[in-house]
Amino acid sequence: MDIKTLEQLDYVRIRSTIAGYCMSSEGKTLLLERLPFTSQPDIDSWKIPASEWKLYLDAGKTGALKPWEPCAHLFSKLPVEGAVLELDQVYALGQFCISASHLKSSLSSVELNIPHLMNKSSSLPSLEGANDAIFRIIDASGQLRDLSELRDIRRSISSIRRDIENTMRSYTSDVSLRDALQSDVPALRSDRQVLAVKANFRGKVRGIVHEVSQTGQTVYIEPDDIVQKNNDLVQEEHRLSQEIRRILKELTSSLKEFYDSFVQSHAIMLELDASFAAARWGKEVQGTFAFETSGERGLTLKKARHPLLGSSCVPIDVEFTQNCRVLIITGPNTGGKTVTLKTIALFALLNQSGFPIPANEGSALPVFSSVFADIGDEQSLDQSLSTFSGHMKNIGLMLSQAEKSSLVLLDELGSGTDPQEGGAIAMAVLDSLIERNAMVLVTTHHGILKNYGYTHSSCTNASVEFDSQTLSPTYRILMGVPGESHALDIARRSGLPVTVADKAQSYMENNEADVSELIKGLTAKHGEAALLEKELRKKEQYINEKWRKVDLKSLSLKQKELELREEGYKKSKSFLDESRRMLENLVRELKEGEGTITREKTLKVKETIALLSQSVDEENESLSIEKESYLSAVKDDEDKILSCSQELSPGCPVIIRSSKMKGEIIGKAKKDSWLVQVGSLKMTVSEKDLIPCEGKVHKPSISIEMEKEDASSDSRVSFSSPESSVMSAKPAFELRLLGMRYEEAMKALERQLDLCAIHHLNSFSVIHGKGNGILQQGVHQYLKNYGGIKEFHFALPEDGGTGKTYVNL
């Protein structure tokens with residue numbers, strides 16, 4: 001990717017802006033040298049730490065990285081025998097030690113899911129020894145401390161300076177010398193204090209002349225009794241500088257053992273500084289990190305905003321289908337066609353540099369091995385190139401180098417020459433790029449290219465929207481519909497005389513083939529189809545809701561009927577028991593009264609009991625068959641209620657049956673399974689485990705319990721309606737597991753997470769206590785493996801500490 005293309009696409013400007021967020025000038029230099037990568041592992045090596053830094057910033061934390069002065073050039077001096085670091089250089093190393101130590105301690109205390117940053121910070125070598133050695137010599141402001149080795153020398157220097165000041169004061173306060181002195185304040189010449197004496201009084205002060213003024217009226221004299229004192233001062237100051245040099249030399253020698261630690265730490269700190277800058281810029285522009293395209297999902301940008309347009313930018317949506325390789329954008333001038341081209345290409349470059357992109361979640365970008373751009377006027381007087389020739393030279397270079405993983409941008413393809421010939425060249429160029437399977441973005445005003453987009457399966461038309469009421473562009477992208485140029489409307493708004501515009505209109509009205517009318521018709525049909533689809537979706541939702549209510553009503557009626565029949569069964573059973581008791585009493589009375597019982601009476605009694613038992617057993621059997629039929633019907637009805645006539649497709653919102661989590665289908669994974677985006681996670685889910693939904697989906701809960709004792713006891717079937725059971729239960733804001741066994745606690749936690757998913761509760765706390773740590777470890781292990789958890793952490797010490805965990809879904 002040549003630097004000219006990167007500059008054309010504003011990549012260099014954005015990279016420079018991001019570099020400004022670095023905490024160190026060395027990190028800024030590293031980031032300014034970065035170019036887009038062409039392999040996913042290289043991209044991820046920068047994107048992963050930047051995305052974790054963004055998570056760190058989103059949690060409201062900012063102070064992990066502290067700035068430091070450039071120090072990489074100092075490391076090479078440490079192993080050199082006899083090398084001496086200057087005081088400011090020692091201070092720069094001290095700042096770096098503080099920054100590295102602060103980063104390590106800050107990240108180690110953060111309870112966030114940032115494994116890459118944790119690994120990087122934990123791999124920082126300890127510079128504690130170097131830090132102690134440096135700040136034993138200097139203070140926090142970089143000044144030398146009052147060391148015992150220097151204290152006597154500094155005391156001697158102070159004493160000599162006081163003697164010099166007292167002696168000089170005796171001269172300046174001497175009344176006899178008042179007329180001889182130009183000033184009563186001593187001057188400084190060659191770092192020695194002297195008197196400014198008038199030239200005609202120079203004989204009044206005996207001493208050494210250091211300088212004469214340009215006018216010759218002033219002579220600067222160092223009195224004889226000051227000369228020796230100044231000499232002593234110079235010697236003591238020289239002794240002080242030599243002692244300081246000795247101390248710094250010893251310090252430099254002692255830092256030699258930390259050479260490898262400095263080099264390794266510096267490389268890690270630069271990497272973290274550059275990725276931290278990317279995250280800070282991403283938070284500033286409300287950016288996200290793009291997914292890698294996979295499966296049926298092609299290049300997708302959701303609410304993309306060019307970062308140089310600021311708050312005035314109109315977000316655009318662009319989506320390539322799986323087979324689409326060429327996007328042909330048409331529409332009015334100043335409508336945003338070229339900006340759309342640049343935005344898509346710029347975002348691809350930013351993504352391949354590990355930077356976030358100013359777009360919404362769900363955006364996906366492929367990895368391109370090369371990017372070619374033919375944008376703007378390529379006219380060159382030096383090379384005798386016209387506009388058209390300049391474009392053809394660029395396109396020729398592209399055709400010789402483009403391949404399957406290339407991105408090609410062609411602005412105003414086929415312009416600058418005869419429209420018919422330009423259109424033919426444009427189609428031939430696109431044919432060649434389609435054969436290479438390159439991804440191509442084209443802007444044009446040629447009507448023939450709009451038709452080309454319809455007739456090729458690998459091409460998609462798009463247009464920039466134009467408001468016919470205000471006669472101005474809206475800067476929104478309409479996928480699937482070609483656009484009109486609206487040249488006359490733009491010309492009128494730009495100041496073209498009305499008479500000229502009307503004349504042009506009359507010429508257009510005489511044309512037999514009016515492509516604009518065709519486009520207007522297609523645009524109108526597209527709008528009608530969108531409205532019709534919207535109405536059909538509303539009707540489908542209305543019908544599904546009615547159907548659900550009818551099914552629930554049917555279930556309620558079946559339940560009532562079964563309850564009535566069961567009540568009748570209980571009455572029959574009661575009657576049977578009563579009859580049996582009566583017959584037994586009758587037999588007993590006969591035995592007691594007659595002494596013997598005839599065979600006929602006994603048979604009659606047995607027949608009566610058999611008939612009653614058979615009647616009740618038939619009723620019981622009928623009821624059991626109806627129970628089984630009803631249970632089967634309930635399950636079928638439940639499946640119907642949970643299902644929807646909407647087919648699964650990319651972009652479809654769904655609920656995962658097993659976890660009750662809501663997500664969005666990204667694309668087809670493999671046979672009978674889909675790739676689903678749940679929050680920031682992607683997972684492969686079986687098609688049977690997915691429920692399509694519109695907006696918020698609440699799963700009706702129909703629980704069925706059946707208890708059956710022995711044949712002689714009652715059978716009971718109980719039903720709970722959708723308003724009861726799980727739907728009526730509410731998640732706890734504070735889940736208490738104290739006193740529970742491990743299995744019981746895990747079931748309570750599982751139910752809590754299910755209820756949170758159903759009722760959209762995004763955070764709660766779990767009180768598991770400390771004890772032996774069994775519940776604590778079990779809760780954390782369960783949360784770590786649960787797909788819907790954003791993060792979890794212990795409470796503050798005053799709020800329960802390690803005996804309480806906060807959970808965010």
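Here is a quick tour of the rings, cysteines, helix and sheets in this structure.

This is a predicted model, in which local features need pLDDT of at least 70, side-chain atom pairs count only at pLDDT 80 or more, and totals for chains, interfaces and linings use all residues. Residues are numbered from 1 along each chain as its sequence is written, and side-chain values use heavy atoms, leaving out hydrogens and water.

**Aromatic rings**

- Searching the whole structure turns up seven aromatic pairs. Rings of Phe, Tyr and Trp (its six-membered ring) pair if their centres lie within 6.5 Å; planes under 30 degrees apart count as stacked, over 60 as edge-to-face and the rest as tilted.
- One of these pairs is W53 with F276, a tilted pair with 4.6 Å centre to centre and 55° between the planes.
- W53 sits in helix α4 (residues 40–58) and F276 in helix α10 (residues 259–284), so this pair ties together parts that are 223 residues apart in sequence. Helices (H or I, at least four residues) and strands (E, at least two) are DSSP runs, numbered from the N terminus.
- W53 is buried, at 0% relative accessibility, and F276 is buried too, at 2%. Buried means under 20% relative accessible area, exposed over 50%, and partly exposed in between (1.4 Å probe, protein chains only).
- The ring centres of Y782 and Y786 are 6.2 Å apart with their planes at 20°, so that pair is stacked. Y782 is partly exposed at 26% relative accessibility, whereas Y786 is buried at 14%.
- W68, F75, F96 and F262 are linked into a cluster by ring pairs.

**Charges over rings**

- R34 has its charged end over the ring of W46, 3.9 Å from the ring centre. A charge sits over a ring if NZ of Lys or CZ of Arg is within 6 Å of the ring centre and within 35 degrees of the ring normal.
- R189 does likewise with Y220: its charged end sits over that ring, 4.2 Å from the centre.

**Cysteines**

- A disulfide here is a pair of cysteine sulfur atoms within 2.5 Å, and by this rule the count is zero.
- C97 is in no disulfide, and the nearest cysteine sulfur, that of C71, is 8.4 Å away. C97 is buried, at 2% relative accessibility.
- For C324, the closest cysteine sulfur belongs to C459 and is 7.2 Å away, too far for a bond. C324 is also buried, at 3% relative accessibility.

**Helix α13**

- Helix α13 (residues 419–435) has 17 residues and reaches 24 Å from its first C-alpha to its last, close to the 24 Å expected at 1.5 Å a residue. The expected span is 1.5 Å times one less than the number of residues.
- The buried residues in α13 are G422, G423, A426, V429, L430, S432 and L433.
- After α13 comes N437, with a positive phi near 65°.

**The β1 to β4 sheet**

- Four strands make an open sheet with antiparallel pairing, in the order β1-β2-β4-β3. Two strands pair if DSSP finds at least two bridges between them.
- β1 (187–189) and β3 (207–212) are the edge strands, each pairing on one side only.
- β3 and strand β4 (residues 218–223) run antiparallel and are joined by five bridges. I208 has E222 in β4 as its bridge partner.

**The β16–β17 hairpin**

- β16 and β17 form a hairpin with two residues between them, and D672 in the turn has a positive phi of about 60°.
- Strand β16 (residues 662–670) runs antiparallel to β17, with five bridges joining them. The bridge partner of I665 is V676 in β17.
- In strand β17 (residues 673–678), six of the six residues are buried, so the strand is largely enclosed by the rest of the structure.
- Both faces of β17 are covered: S673, L675 and Q677 are buried on one side, and W674, V676 and V678 on the other. In a regular strand, side chains alternate between the two faces of the sheet.

**The β22 to β25 sheet**

- This open sheet has four strands in the order β22-β23-β25-β24, with mixed pairing.
- Its edge strands are β22 (734–736) and β24 (791–794), and each pairs on one side only.
- Four bridges join β24 to strand β25 (residues 804–808), and the two run antiparallel. Opposite E791 stands N808 in β25.
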